Amino acid sequence: MALEAIKLSQDEMLAKAKDLRKNIINMTTAAASGHPSSSLSAVEIVTGLYFGGHLRLDPENPGDPNRDRFILSKGHAVPVLYAAMAERGFFSVEETMSLRKLGSPFEGHPNLKRMPGIEASTGSLGQGLSIGVGQALGLRLDGKDSNVFVMIGDGEMGEGQVWEAIAAAAKYKLGNLIAIIDQNGYQQTGATKDVLDLTPFADKIAPFGWHTQTINGNDLGEALQALEVAASVTDRPSVIVSQTQKGFGILPILEETGDLNYHGKPLSSELAEKALAHIG
Ligand SMILES: Cc1ncc(C[n+]2csc(CCOP(=O)(O)OP(=O)(O)O)c2C)c(N)n1
Ligand SMILES: [Mg+2]
């Protein structure tokens with residue numbers, strides 16, 4: 001297979017998004033561990049990246065130097081990444097069921113030493129955008145036209161290192177760098193606005209010299225449109241503030257539990273069954 005960006009129809013992508021959601025629930029419930037709600041909020045953007053014509057990849061040759069890169073800085077949401085990679089042909093959906101099992105390469109956070117196709121080892125929050133800046137600079141030095149996409153959590157935005165990376169990316173006018181903030185409103189210990197409110201993100205990042213967009217990131221059409229615009233900006237870095245809901249796709253089930261954050265908790269088999277039925 002050659003390097004290609006797969007572009008499905010919007011209906012096909014909506015079906016993929018459902019597949020991703022089901023796989024996220026199945027693998028975390030099987031592991032009895034992991035972060036389904038953090039993964040679910042990001043499904044539409046990740047579907048858009050992998051199936052909306054953005055990530056030029058070759059699963060047969062994951063190290064192709066001309067590939068585009070996706071760094072999941074909020075590494076605990078790795079089930080969404082494994083689910084997308086499985087659908088894209090890096091490995092089977094069945095293999096992802098070994099999530100968090102001893103010896104499995106499907107670790108609880110992305111590990112580039114264990115899995116081809118992972119672009120950065122993340123999980124220690126705050127680092128992914130800096131890694132992306134380095135990769136974007138390197139790609140430019142090498143004369144490549146590859147893009148680097150980095151997804152950051154809204155709680156993760158409280159890490160000072162993210163803001164250093166924002167400043168550096170603007171200084172170097174990294175038009176090949178696209179940040180996506182998954183603004184799902186919650187972090188580990190509660191609502192992000194109560195822990196450390198750095199919203200509105202776009203108004204804070206724009207003065208550094210970034211192109212900004214703010215969207216409903218659980219609307220696939222908006223996600224696709226924003227990725228299109230961001231990719232067309234080549235004279236400066238671009239950020240998509242993706243306003244989402246944590247656990248999107250199974251909100252009625254989370255509501256039932258009385259915990260809309262549901263951070264770092266897998267669903268019980270019983271709740272997983274309900275969630276899968278709800279997704280349809
Ligand atoms: C440096 C660091 N501190 C703390 C943690 C523990 N931790 C894991 S997930 C999380 C919350 C992250 O919230 P957010 O970035 O909003 O992501 P979400 O789960 O909401 O998508 C925290 C604090 C960590 N992984 N890394
Ligand atoms: Mg969050």
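Q: How are the axes of helices defined, and over what range do the angles between them run?
A: Axes are lines fitted to C-alpha atoms, for helices over the stretch in contact, and angles run from 0 to 180 degrees between N-to-C directions. Helices are DSSP runs (H or I, at least four residues) and strands are runs of E (at least two), numbered from the N terminus. In this predicted model, local features need pLDDT of at least 70 and side-chain atom pairs count only at pLDDT 80 or more, while totals for chains, interfaces and linings use all residues. Residues are numbered from 1 along each chain as its sequence is written, and chains are lettered from A and ligands numbered from 1 in the order in which they are written.

Q: At what angle do helix 1 and helix 4 pack?
A: Helix 1 (residues 10-31) and helix 4 (residues 78-88) pack at about 125°, and their axes lie 9 Å apart. That makes helix 1 oblique to helix 4, since angles under 35 degrees count as roughly parallel, over 145 as roughly antiparallel, 65 to 115 as roughly perpendicular and the rest as oblique.

Q: Which residues of helix 1 and helix 4 meet?
A: Two residues are in contact if their C-beta atoms, placed from the backbone, lie within 7 Å. Among those that meet are L20 and I24 in helix 1, and V80 and A83 in helix 4. The contact divides into nine nonpolar, two polar and three charged residues, where Ala, Val, Leu, Ile, Met, Phe, Trp, Tyr, Cys and Pro count as nonpolar, Asp, Glu, Lys and Arg as charged, and the others, Gly among them, as polar.

Q: How many helices and strands are there in the protein?
A: The protein has 12 helices and seven strands.
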